[in-house]
Amino acid sequence: VLPQERPVSFIENDTFAIPEHPWGHFHTDATIRGNLERAILSIGRVELPSSPNIPFGGTAFVVGPGLLMTNRHVAELFAQGLGRRELVFKSGQTAAWDFRRERNSPANDATTLKVDDVVMIHPYWDMALLRVSGLRPHQTPLKLSRVSPEELVGGEVAVIGYPAKDWRNDTELQDQIFARTYNVKRLHPGKLNGRKLVESYGKQVSALAHDSSTLGGNSGSAIIDARTGVVVGLHFAGRYLESNYV
C-alpha cells in the first residue's frame, strides 16, 4: 500500500467508480474504461465454503474455457499436490468462485460456481489453475501478455481483486486507503516497475514489480494493462511500502 497517488476504487454493477487523482482518465478514456470493464466480468473471489474461519482465499480470473488462474498459496488452502498429476482436495475441503462479491451485494448462489478440480499447482511459481463449470458467455478468457517485462516498465495497470485487511501492516493507513471496507471487489491503479528478484517456494525468481496499493486478498489478482486490456501478470506477493510482485 502507498499513501500517495495509489488510491483504490470500488467495483459495483461490473463497473468502477471514478478513481481519485491522478487516475481519472481510467474512467474518462473510453478505451481504458472498456478494457477494464471487460476484464472485471472474468475476475472473481475464491470462496472457501467449508472453512468458516477463512471465508475466502483470494482472487482468480478466467484464462481458458472453464479454466481459472490463481496463486498456488490460494489453491493450497483446499488442495494438495504439485504439477499436473495426483492433485486432490484436502479432506473435507471444497472451493468455489464468486464473480460478483461487490460492496452492498450479498452472497448469491447465482453468481457462485463450484471449483470442480485443480488442474495444476506450479512447483515454484506461486500459480495454480482451477476448473469450473457454468461460466457465462460474456466471461471470456483474458488474454495473457507475451511482451517481456523490460518493455512494460512505466506502463499503467489496474489490479482487479479482493483486498482483505492485513493486520501485519499499519491499520490506520489501510483504513484511509480502503475506506474501512474490505473483502469486496476493487480496482487498484498503478504502474509497472520492471524486474525484481524475490523468493518463491525455495527459488529466486525474476518477477515483474508494480506499485498499486494491494492487500492479502489480492493474491491471485490479474494485472491488466490499461491501454490494451491484456493481463501482464499474476499478483502473488508484496512488501509493505516497498513493492508488489507478479
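## Strand β12 and its partners

Strand β11 (residues 156-161) and β12 run antiparallel and are joined by six bridges; strands pair where DSSP finds at least two bridges between them. Strands are DSSP runs of E with at least two residues, and helices are runs of H or I with at least four, numbered from the N terminus. Within β12, Lys 191 is the bridge partner of Glu 156.

Strand β12 (residues 186-200) is also joined antiparallel to β1 (residues 9-12), by two bridges, and to β13 (residues 203-210), by seven. Val 198 has Val 205 in β13 as its bridge partner. Two residues lie between the strands of the β12 and β13 hairpin, where Tyr 201 takes a positive phi near 50 degrees.

## Basis of the model

The model is predicted: local features need pLDDT of at least 70, side-chain atom pairs count only at pLDDT 80 or more, and totals for chains, interfaces and linings use all residues. Residues are numbered from 1 along each chain as its sequence is written, and side-chain values use heavy atoms, leaving out hydrogens and water.

## Charges over Phe 10

Phe 10 stands opposite Arg 186 in β12. The charged end of Arg 186 sits over the Phe 10 ring, 3.7 Å from its centre, and Arg 103 lies over the face of Phe 10 at 3.7 Å from the ring centre. The criterion is NZ of Lys or CZ of Arg within 6 Å of the ring centre and within 35 degrees of the ring normal.
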